[in-house]
Amino acid sequence: MLDIQRSLAQPILTPAVTRREDYRPPAWLVPTVDLAFELDPAETRVRATLAVTRNGLHAEPLRLDGAGQRPVSVKVDGTAIDDWQLDGETLVIPLAGTAHMIETEVAIHPERNTQLMGLYASSGILCTQCEAEGFRRITFFPDRPDVLSTYRVRMSADRARFPVLLANGDPVASGGEEDGRHWAEWHDPFPKPSYLFALVAGDLAANRGTFTTVSGREVQLGIWVRESDLARTDHALHALKLAMAWDEQVYGREYDLDVFNIVAVEDFNFGAMENKGLNIFNSRYILADPDTATDYDYDAIAAVVAHEYFHNWSGNRVTCRDWFQLSLKEGFTVYRDQCFSADQGSAAVKRIEDVRGLRAGQFPEDAGPLAHPVRPESYQEISNFYTATIYNKGAELIRMMATMLGAQAFRAATDLYFQRFDGTAATCEDFVACMEEAGGVDLAQFRLWYSQAGTPRLAVAVDHEAGGGRATVKLAQSVAATPGQPDKSPMLLPLKLKLFGAETGRPLTDERLVLFGDGVGSVTFEAITERPVLSINRGFSAPIVIESDRTAADLAFLSRHDDDPFGRYEAMQQLMLDTLVAGAVEGRADHQAVVAAVSATLSDPALDPAFVAEAVLLPSESFVGDQLAMIDPEAIFRAREALRRELGRALDAQWRAAYDGARAFYAYTPAAKGLRRLRNVALGYTAASGAGDAAKLAFTQFEAADNMTDRQAALGTLANGDDRPFGEERVAALDIFYNRYAGNGLVLDKWFQTQALSTRADTGAAVAELVRHPDFTLANPNRARSLIGAFGVNQRAFHTADGSGYRFLADQLIALDQLNPQTAAKLLPPLGRWRRVDAGRAGLMRAELERIVATAGLSKDLFEQASKSLG
Ligand code: TRP
Ligand code: ZN
């Protein structure tokens with residue numbers, strides 16, 4: 001089978017590779033740009049006038065990136081020329097002098113743009129997405145982030161269909177035209193790279209607000225949506241104001257234009273985009289009300305609104321020199337939005353959520369065929385590098401520097417960075433140099449975090465001299481080989497550690513910050529009077545894996561006595577993980593230590609319910625799998641279900657007490673959120689116990705819920721349920737949910753996703769059926785992700801031994817690639833985990849990857865991901 005597939009494979013031209021070491025400054029600069037759009041969904045005319053200046057002494061022609069268009073006309077200094085050429089997609093214009101005016105005109109077709117890059121139509125709204133290389137799909141331009149220009153934009157459109165015309169910067173003028181058209185002109189005074197260009201035209205209404213900056217300027221805020229969605233925009237507007245105030249207080253960053261607009265659209269490849277003064281959002285990160293959005297959605301909206309707003313400084317005022325520096329803006333901005341969210345509620349719970357996300361998304365990337373450094377060395381398609389490594393590991397790098405510098409020096413260093421690089425395109429190295437300079441630290445070894453891929457592992461053992469003597473913490477660091485990087489050097493790890501007395505439960509030391517940069521070494525503590533239990537990597541001070549010699553009893557002890565909430569969570573997770581790994585490998589495990597620790601956590605009245613809810617959750621199946629060289633997905637599933645059932649049964653009374661005790665009136669406050677979370681976790685355990693009344697309990701909650709958090713949690717519990725005893729309630733709830741929310745796309749996404757994530761044995765068949773549902777379409781990225789993306793991460797369903805899950809995913813990706821290569825490529829990574837499963841499954845997965853690679857007309861997005869996954 002494998003060989004047949006291989007021999008059928010067509011030879012494919014490998015796409016060109018872009019390398020970091022090949023960076024050269026641009027040959028021509030473009031200080032100003034004038035754009036005139038005659039907007040029409042079918043065909044839009046774009047006239048661009050570029051003032052270009054030769055950058056340095058050279059004889060290079062002007063090269064403007066394009067994306068397959070042919071210019072309708074090209075003028076130099078007002079005169080039409082015909083000695084231009086197309087070199088592939090690049091427009092080459094010979095120029096004699098040092099400064100010229102270049103005019104081009106092109107025709108583009110927004111309605112036919114299914115890639116959602118460049119200018120496209122989404123439910124009757126015309127909008128743009130230019131990062132990373134979408135601007136070249138709009139007009140010919142040096143489409144690279146180190147060419148900064150000031151933009152003047154004129155749009156004209158049919159007044160009835162497109163009454164609102166928005167672009168970057170401030171509105172300058174507007175007026176009427178003949179034939180029912182009108183126009184508007186916008187000017188952005190801040191030089192920016194082309195990837196930050198944006199325009200929107202549509203029939204939109206605004207939720208308006210104002211924000212007065214610290215220096216007293218009033219900024220007009222607008223959240224633009226379809227009229228019928230206006231009622232769901234208050235939370236986003238509120239979050240925006242909080243973010244604006246937070247950036248002033250915490251980083252001294254003030255907003256710089258008179259208007260700040262956000263537009264929500266339904267079809268969007270990512271979460272949102274930070275275009276200067278005109279952020280464009282996936283509607284899922286704007287629209288919320290209690291009936292349609294969960295607490296998780298509310299939190300994510302605030303985080304993404306803040307993230308995009310923070311980019312105004314970390315990304316826009318200071319941008320990236322080239323795309324290898326992407327983490328300069330993304331890692332830093334994620335760190336900033338994480339700290340913002342931590343300040344809105346429980347910082348401990350936020351840290352737990354962020355670490356869980358890192359382990360779910362980034363650690364597997366670092367351990368697989370697509371591993372790459374935070375500052376990559378090469379790419380075929382830059383869109384494939386908007387990854388958890390760039391974003392989330394990148395944020396951990398910033399966090400480690402902040403830890404090493406301390407709050408005050410870190411602020412001094414970011415002040416220096418913003419001041420020194422304002423209005424320029426900078427590098428990761430520039431940022432680190434500011435940290436070093438203002439922080440007075442040596443980050444020479446720390447820089448390896450930018451260049452070496454892979455998650456460091458730290459083996460830890462504690463020796464204690466009996467009779468009140470010295471305790472020695474022995475450390476050994478290793479970093480596994482990753483593609484293209486066979487040998488690694490030890491990294492600098494900022495480790496927060498502390499010792500607790502095994503007998504008294506009391507702290508034996510203060511927290512110590514150790515900068516460990518060796519392969520092997522140790523840390524000593526003197527006068528330790530009782531057997532110490534080690535709390536290490538507190539607060540997850542370094543994004544690494546700890547392998548310690550701590551026993552189940554030590555971990556259970558820390559889960560009760562550590563004074564770092566993250567440490568308590570972590571000890572419990574490790575205890576659960578050890579138990580689940582034993583269960584998966586040996587087919588059975590001793591559940592007692594976990595049961596006792598969970599019971600103690602549930603009954604500790606001093607703990608925040610939100611924390612309790614996180615602490616008692618079992619690690620995911622995929623995280624359990626990450627601990628094993630070879631994964632048996634069914635065995636992991638069974639081990640996890642067995643422990644869930646045991647926890648459910650043994651602690652039945654406690655779960656029910658927690659469930660009843662955590663009732664709250666609906667409010668979006670940290671306290672009420674925590675109660676809802678605990679209540680729904682308790683419901684899950686009660687269902688897992690197999691209790692006869694569980695289906696009824698879940699269904700009653702489903703029907704009585706006055707908010708989506710409770711409704712969706714109940715639906716999820718029912719959707720996982722087996723036919724006996726859940727059959728009737730499961731089917732009924734799915735139907736009721738569907739009918740109640742028909743026409744609400746974001747909630748229908750939840751309906752698809754809940755079914756795709758179900759742990760039932762027939763999920764593969766159900767998902768194959770759902771692809772044919774009238775509401776399913778690959779053309780909308782949210783919908784595609786909610787079904788196909790969710791299925792790919794469903795360990796049990798995706799890895800069925802007959803390979804039908806693999807074949808299904810490959811079929812869908814090949815179809816999606818025709819429409820939207822970026823989104824298809826994002827959903828491929830589950831197929832790349834073939835090294836971790838048995839030979840039978842591995843062969844089936846590789847066959848699907850080879851089939852994808854051999855598909856005629858494949859995008860370079862999907863080609864790069866699939867071919868690298870074959871590794
Ligand atoms: N820069 C954006 C952010 O992280 C996201 C982004 C990158 C994006 N590439 C995109 C959004 C392509 C849509 C499409 O905030
Ligand atoms: Zn970002």
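A: Thr 686 counts as buried, at 2% relative accessibility. Buried means under 20% relative accessible area, exposed means over 50%, and partly exposed lies in between, with a 1.4 Å probe and protein chains only. This is a predicted model, in which local features need pLDDT of at least 70 and side-chain atom pairs count only at pLDDT 80 or more, while totals for chains, interfaces and linings use all residues. Residues are numbered from 1 along each chain as its sequence is written, chains are lettered from A and ligands numbered from 1 in the order written, and side-chain values use heavy atoms, with hydrogens and water left out.

Thr 686 sits in helix 17. Helices (H or I, at least four residues) and strands (E, at least two) are DSSP runs, numbered from the N terminus. What does Thr 686 touch, leaving out residues up to four places away in sequence? Its partners are Trp 655, Arg 656, Ala 691, Ala 694 and Leu 697. A contact means heavy atoms within 4.5 Å. Arg 644 lies 42 residues from Thr 686 in sequence, yet the two C-alpha atoms are 9.3 Å apart.

Helix 17 (670-688) also takes part in the packing of helix 20. The buried residues of helix 20 pack against helix 17, helix 18 (694-704), helix 19 (708-720) and helix 21 (745-756). Those buried residues are Phe 726, Gly 727, Arg 730, Ala 733, Leu 734 and Phe 737. Helix 20 (723-740) has a kink of about 30 degrees, centred on Glu 729. The bend at a residue is the angle between axes fitted to the seven residues ending there and the seven starting there.

Thr 294 belongs to the loop between strand 21 (278-282) and helix 3. Thr 294 is buried, at 8% relative accessible area. It touches Met 708, Thr 709, Gln 712 and Lys 750, again not counting residues up to four places away in sequence.

Of the 16 residues around ligand 1, Glu 131, Phe 270, Glu 274, Glu 308 and Tyr 391 come nearest. A residue counts as near if one of its heavy atoms lies within 4 Å. The shell divides into 6 nonpolar, 5 polar and 5 charged residues. Here Ala, Val, Leu, Ile, Met, Phe, Trp, Tyr, Cys and Pro count as nonpolar, Asp, Glu, Lys and Arg as charged, and the others, Gly among them, as polar.

A polar side-chain atom of Glu 131 is 2.5 Å from a nitrogen atom of ligand 1. Tyr 391 places a polar side-chain atom 2.5 Å from a ligand oxygen atom. For His 311, a side-chain N or O atom is 3.5 Å from an oxygen atom of the ligand. The protein covers 98% of the 370 Å² of accessible area that ligand 1 has on its own. Strand 20 (272-273), helix 3 (295-310) and helix 4 (326-344) are the elements that give two or more residues to the shell.

Glu 131 has one more feature. A cis peptide bond joins Glu 131 to Ala 132, with omega about 0 degrees. Ala 132 is in the loop between strand 11 (125-129) and strand 12 (149-158).

Phe 540 shows another backbone feature: a positive phi of about 55 degrees, although it is not a glycine. It lies in the loop between strand 30 (532-536) and strand 31 (545-548). Phe 540 is buried, at 0% relative accessibility.

How values were computed:
A polar contact is a pair of N or O atoms within 3.5 Å; within protein, one must be able to donate a hydrogen and the other to accept it, and residues adjacent in sequence count only if both atoms are side-chain atoms. Accessible areas come from the Shrake-Rupley method with a 1.4 Å probe; for residues, only the protein chains shown count as cover.
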